[in-house]
Amino acid sequence: MERVGKLASQKAVVIFSKSTCCMCHAIKRLFYEQGVSPAVYELDEEAKGKEMEWALIMRLGCNPPVPAVFIGGKFVGSPNTLMTLHLNGSLKKMLRDAGALWL
């Protein structure tokens, strides 16, 4: 969990993903379309990806463990949560507050 926390706090938006996950692709695209350039860690391509995946499951209760999105170093939640935040306008405010968006 230490590695996940450290990586999650290094950039305004961090996504833990898997390269073969369609929901991960959709969430990354959501951020790209907002003009955000997140740090993306593909757990199936990371040397310690299995350990990070386990930390996401055990410590944060992510089930499934990806996509796991952190904004401003804080875990945001599941894709359903992200889409709700996007649709109600809260996501843009969170992104501005974290310094990921300037407008």
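At what angle do helix α4 and helix α5 pack, and how far apart are their axes?

## Helix packing

In this predicted model, local features need pLDDT of at least 70 and side-chain atom pairs count only at pLDDT 80 or more, whereas totals for chains, interfaces and linings use all residues. Residues are numbered from 1 along each chain as its sequence is written, and side-chain values use heavy atoms, with hydrogens and water left out.

Helix α4 (residues 79–87) packs against helix α5 (residues 90–98) at about 95 degrees, with the axes 5 Å apart; axes are lines fitted to C-alpha atoms, for helices over the stretch in contact, and angles run from 0 to 180 degrees between N-to-C directions. The two helices, α4 and α5, are therefore roughly perpendicular, a term covering 65 to 115 degrees. L82, L85 and H86 of α4 meet S90, L91 and M94 of α5, where contact means heavy atoms within 4.5 Å.

## The sheet

Four strands form an open sheet in the order β2-β1-β3-β4, with mixed pairing; strands (E, at least two residues) and helices (H or I, at least four) are DSSP runs numbered from the N terminus, and two strands pair if DSSP finds at least two bridges between them. The edge strands are β2 (39–42) and β4 (74–77), and the twist averages 25 degrees from one strand to the next.

Helix α3 (residues 49–60) packs on this sheet, touching β1, β3 (68–71) and β4, and its direction makes about 75 degrees with that of β3. Helix α5 also touches β1, β3 and β4, at about 55 degrees to the direction of β3.

Technical notes: Parallel < 35°, antiparallel > 145°, perpendicular 65-115°, else oblique.
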